[in-house]
Amino acid sequence: MPGLLASLAVLLAFAAAWQILGERGEELATAARRAAGRLSAGRVGSLAEAALALGIPDRLERAGLARRWSPAAVLAAKLVGTVVGVLTALMAAPALPGRLAVMATPLLAVAGFLGPDAALERAARLRHQRIVAGLPDALDLL
């Protein structure tokens, strides 16, 4: 029951944030850009710069997904993964023993943030294996 109430509270908080964003979207976007710039010591001022700083365009190229996915979509997936990780930790916290609940929240948040990177690396590895497997046939045709 406490997990359900916590989940409901988080959903209501996101609904409130959505409502606020709808009313003051441009002001909040400008504030978010300024905050990103301050947090990154002036290195990141936009989503494109954040994607470059995280190496997302290179990962998309290696995975062969640059035409299907944009760096902004991968950043959004990282954000969603982080939120899902935190929500999962909040729901699991009452069942975890002692201090493990305190450790689970940041660990699951980091796991959610790194999940899209792991998926891109797996896609790149599978693409590489397909290319290597098809190389003898391509050489025969030449």
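# Buried charges and a nonpolar core

Asp117 is buried, with a relative accessible area of 11%. The model in which this residue is seen is a predicted one. Asp117 forms a salt bridge with Lys78, and Lys78 is also buried, at 1% relative accessibility. The points below treat the salt bridges, the contact between a charge and a ring, and the nonpolar core in turn.

**Salt bridges**

- Side chains of opposite charge can pair when their charged atoms come close.
- The count of salt bridges in this model comes to 4.
- In the pair of Asp117 and Lys78, the closest N and O atoms are 2.6 Å apart. This pair links distant parts of the chain, for Asp117 belongs to helix α5 and Lys78 to helix α4, 39 residues apart.
- Glu121 forms a salt bridge with Arg59, and their closest N and O atoms are 3.4 Å apart.
- Glu121 is partly exposed, its relative accessible area being 30%. Arg62 likewise counts as partly exposed, at 43% relative accessibility.
- Which residues do salt bridges with shared partners join into one network? The members are Arg59, Arg62, Lys78, Asp117 and Glu121.

**Charge and ring**

- Lys78, the salt-bridge partner of Asp117, has its charged end over the ring of Phe113, 3.9 Å from the centre of that ring.
- The structure holds 0 aromatic pairs.

**Nonpolar core**

- The largest nonpolar core has 10 residues, namely Ala50, Ala51, Ile56, Leu60, Ala63, Leu65, Val74, Leu75, Leu120 and Ala124.
- Four helices each supply at least two residues of this core: α2 (47-54), α3 (56-63), α4 (71-92) and α5 (100-141).
- Which helix provides the largest share of the core? The largest share, 3 residues, comes from α3.
- Leu65, a member of this core, touches Leu60, Leu120 and Ala123, when residues up to four places away in sequence are not counted.

Terms used. Residues are numbered from 1 along each chain as its sequence is written. This is a predicted model: local features need pLDDT of at least 70, side-chain atom pairs count only at pLDDT 80 or more; totals for chains, interfaces and linings use all residues. Side-chain values use heavy atoms; hydrogens and water are left out. Rings of Phe, Tyr and Trp (its six-membered ring) pair if their centres lie within 6.5 Å; planes under 30 degrees apart count as stacked, over 60 as edge-to-face and the rest as tilted. A charge sits over a ring if NZ of Lys or CZ of Arg is within 6 Å of the ring centre and within 35 degrees of the ring normal. A nonpolar core is a set of buried Ala, Val, Leu, Ile, Met, Phe, Trp, Tyr and Cys residues joined through side-chain atoms within 4.5 Å. Buried means under 20% relative accessible area, exposed over 50%, partly exposed in between (1.4 Å probe, protein chains only). Contact means heavy atoms within 4.5 Å. A salt bridge is a side-chain nitrogen of Lys or Arg within 4 Å of a carboxyl oxygen of Asp or Glu.
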